[in-house]
Amino acid sequence: MGDIADLTAKTYEITRLIPFGRVTSYGHIAKLAGYPTYSRHVGNALKALPPNTDIPWQRVINSKGMISPRGDLGLGVARQKDRLENEGVEVITLVGNGGEKVDLRLFGWFPETLDGNQVNNE
């Protein structure tokens, strides 16, 4: 296994591969990067991106299809929802304190490998 800097670099590389209008999970990126138990670190790496990044961070959600709250009074969730909807991804608002959900069967991107776009796993 490498280190957190390696995982962070791979997280950004894999996130760039997620097709427009599709989503994947933090855990799936961790798995593709070769760090299957490090989904929380994937989330932290994406959370650390600057606002003007070209990395499509909005395409990464949790394994239940939910947009993860960021402890910012819902501002990040609303921004992520808006970005996904602008890509044609349907985001369903659940009643009560349910949050925002994407149907992974319709919009999910879960390749077993990255084919020609292989991430450098040493």
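Setting aside neighbours within four places in sequence, histidine 28 is in contact with Trp109, Phe110 and Pro111; contact here means heavy atoms within 4.5 Å. This is a predicted model, where local features need pLDDT of at least 70, side-chain atom pairs count only at pLDDT 80 or more, and totals for chains, interfaces and linings use all residues. Residues are numbered from 1 along each chain as its sequence is written, and side-chain values use heavy atoms, with hydrogens and water left out.

Histidine 28 sits in helix α2. Helices are DSSP runs of H or I with at least four residues, strands are runs of E with at least two, and both are numbered from the N terminus. Phenylalanine 110, for its part, is in the segment after α5 (104–107).

| Residue | Relative accessible area | Class |
|---|---|---|
| Histidine 28 | 7% | buried |
| Phenylalanine 110 | 35% | partly exposed |

Which residues does phenylalanine 110 contact, leaving aside its neighbours within four places in sequence? They are Val23, Thr24, Ser25, His28 and Leu104.

Now for helix α1. Its twelve residues, 4–15, reach 16 Å from first C-alpha to last, close to the 16 Å expected at 1.5 Å a residue; the expected span is 1.5 Å times one less than the number of residues. Aspartate 3 caps the N-terminal end of α1, with a side-chain oxygen 3.2 Å from the backbone nitrogen of alanine 5. Leu7, Lys10, Thr11, Tyr12, Ile14 and Thr15 are buried in α1, and their cover includes α2 (26–32), α3 (39–47) and β2 (60–61).

Zooming out, the chain has five helices and four strands, in the order α-β-α-α-β-α-β-β-α. Of its 122 residues, 42% count as buried. Among contacts between residues at least 6 apart in sequence, 65% join residues at least 24 apart. The C-alpha trace spans about 45 × 30 × 25 Å along its principal axes. The radius of gyration is 14 Å, which agrees with the value near 14 Å for a compact globule of 122 residues; it is taken over C-alpha atoms, and the globule rule is 2.2 Å times the number of residues to the power 0.38.

Terms used. Buried means under 20% relative accessible area, exposed over 50%, partly exposed in between (1.4 Å probe, protein chains only). A polar contact is a pair of N or O atoms within 3.5 Å; within protein, one must be able to donate a hydrogen and the other to accept it, and residues adjacent in sequence count only if both atoms are side-chain atoms.
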